[in-house]
Amino acid sequence: MSESDEHAFLSGRTIDLLSDMSQAGLYGFKESDRKKFDFTCNLVRDWSRLISGQTLWKHSEGIEKDLRILLADEESKVTLYVARDTMANRRVVQEIVDDTKKTPMRQRLNRLRTIWVTPDFDADRDEHREMISDMLKERLAKDLLLSVILGGVSARDFQEVVARSGIPGLNLALMRAIARDGFFNMPDLAKRLSLSPTTVRNRVHILAAAGLLDKPKMHAQMYEVSTKGKVILDICRSLALATEPQARLASELIYVLEILGFEFTDEPISFGLDSLVAPDEGPSPKGLFKDLVIQSVLATENFGIDWQGPFFELTDANSSLLSN
């Protein structure tokens, strides 16, 4: 059965967008063999996350087969269903979901994301392709990238990082030290950053309460940087590096920041402590962006951070040490 132009466009554009968004520097991308799926790829963020998907356009009788294949797959961490939005199609999908909830496979519904596409989409029209591309990009960014791959990170998490800690850049420096070299105890971490154990202990507890640090289940006295924390480190790494001569932020990262509620600006930024906006003043999206840049740069200057490679490529330092 030959696929329609719309079917081919939706499958190809979805995989292309996932590849394009990897240029934000927040995950690695590698397309995989399609096998029985319309598209499949690995998104690497601390570990390899296989994403597989099916596309439905003309042949509504194939919905049950598509969903059974997606739900039966044991390898994929996330499954996508890109489908034509009609009442008949929605009804069949809902019936299958309801039936699956009554079976042992109900847990796999948590992996399923459905993206509905307007039924009058015509792949032969340039304006239609552009509009559908924009819609897919937004849905993939919000429903897959931010909520799943990037651990549900939100603007509130960034506000905790830019909150005044007495020493500009301290929160980022603590998270970076733990992510790169692991956590042994408070005195050791304090010594590495040339700070007092009391200062470090207070900030570590605050970052842990905010969900930016986790305690490994088997080692309650140790800390590791959470997925959210590593996402923030990767974004701040890009912001710090973008202030260097001839450097610039990737457009894909700017898009992610806008989805998070920041407003990108290339206006000159003062890097003095007085330029930071107090948290209780409710900084504007542009102000919060500037604060994040300032904290990233001051973390670099005050703690000598060289940033090295992206944090999504790291496995947890504590886990690595404990496994030796």
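At what angle do helix 5 and helix 9 pack, and how many Å apart are their axes?

1. The angle between helix 5 and helix 9 (residues 227-242) is about 70°, and the axes are 11 Å apart. Axes here are lines fitted to C-alpha atoms, for helices over the stretch in contact, with angles from 0 to 180 degrees between N-to-C directions. Helix 5 is therefore roughly perpendicular to helix 9; angles under 35 degrees count as roughly parallel, over 145 as roughly antiparallel, 65 to 115 as roughly perpendicular and the rest as oblique. The crossing of helix 5 past helix 9 is right-handed. A crossing is left-handed if the near helix is turned anticlockwise from the far one by less than a right angle, and right-handed if clockwise. D157, F158 and V161 of helix 5 make the contact with K228, I232 and I235 of helix 9, where contact means heavy atoms within 4.5 Å. By class, this contact of helix 5 with helix 9 has 4 nonpolar, no polar and 2 charged residues. Ala, Val, Leu, Ile, Met, Phe, Trp, Tyr, Cys and Pro count as nonpolar, Asp, Glu, Lys and Arg as charged, and the others, Gly among them, as polar.

2. On provenance: this is a predicted model, in which local features need pLDDT of at least 70 and side-chain atom pairs count only at pLDDT 80 or more, while totals for chains, interfaces and linings use all residues. Residues are numbered from 1 along each chain as its sequence is written, and side-chain values use heavy atoms, with hydrogens and water left out.

3. The chain has 12 helices and 7 strands; helices (H or I, at least four residues) and strands (E, at least two) are DSSP runs, numbered from the N terminus. Of its 324 residues, 51% are buried. Buried means under 20% relative accessible area, exposed over 50%, and partly exposed in between (1.4 Å probe, protein chains only). Among contacts between residues at least 6 apart in sequence, 68% join residues at least 24 apart.

4. Helix 5 (residues 155-162) also packs with helix 11 (residues 285-303), at an angle of about 50° and with the axes 10 Å apart. The two are therefore oblique to each other, and helix 5 passes helix 11 in a left-handed crossing. On the helix 5 side the residues are F158, Q159, V161 and V162, which meet L288, D291, L292 and Q295 of helix 11. The contact of helix 5 with helix 11 holds 5 nonpolar, 2 polar and 1 charged residues.

5. Helix 2 (residues 63-72) and helix 3 (residues 87-100) pack at about 40°, their axes 10 Å apart, which means that helix 2 is oblique to helix 3. Helix 2 passes helix 3 in a right-handed crossing. I63, E64, L67, R68 and L71 of helix 2 contact N89, V92, V93, I96 and T100 of helix 3. These residues divide into 6 nonpolar, 2 polar and 2 charged.

6. The largest nonpolar core has 87 residues, of which L10, L144, I149, L189, I232 and I235 touch the most other members. Such a core is a set of buried Ala, Val, Leu, Ile, Met, Phe, Trp, Tyr and Cys residues joined through side-chain atoms within 4.5 Å. Another core, of 15 residues, lies apart from it and includes I63, L71, Y81 and W116.

7. T14, in helix 1 (residues 5-21), has 1% relative accessibility and so counts as buried. Beyond its neighbours within four places in sequence, T14 contacts F39, L80, V82, L136 and L140. T79, in strand 4 (residues 78-84), counts as buried because its relative accessibility is 0%.

8. Phi of W307 is near 70°, and phi of Q308 is near 55°. Most residues other than glycine have a negative phi. W307 is buried at 2% relative accessibility, whereas Q308 is partly exposed at 44%.
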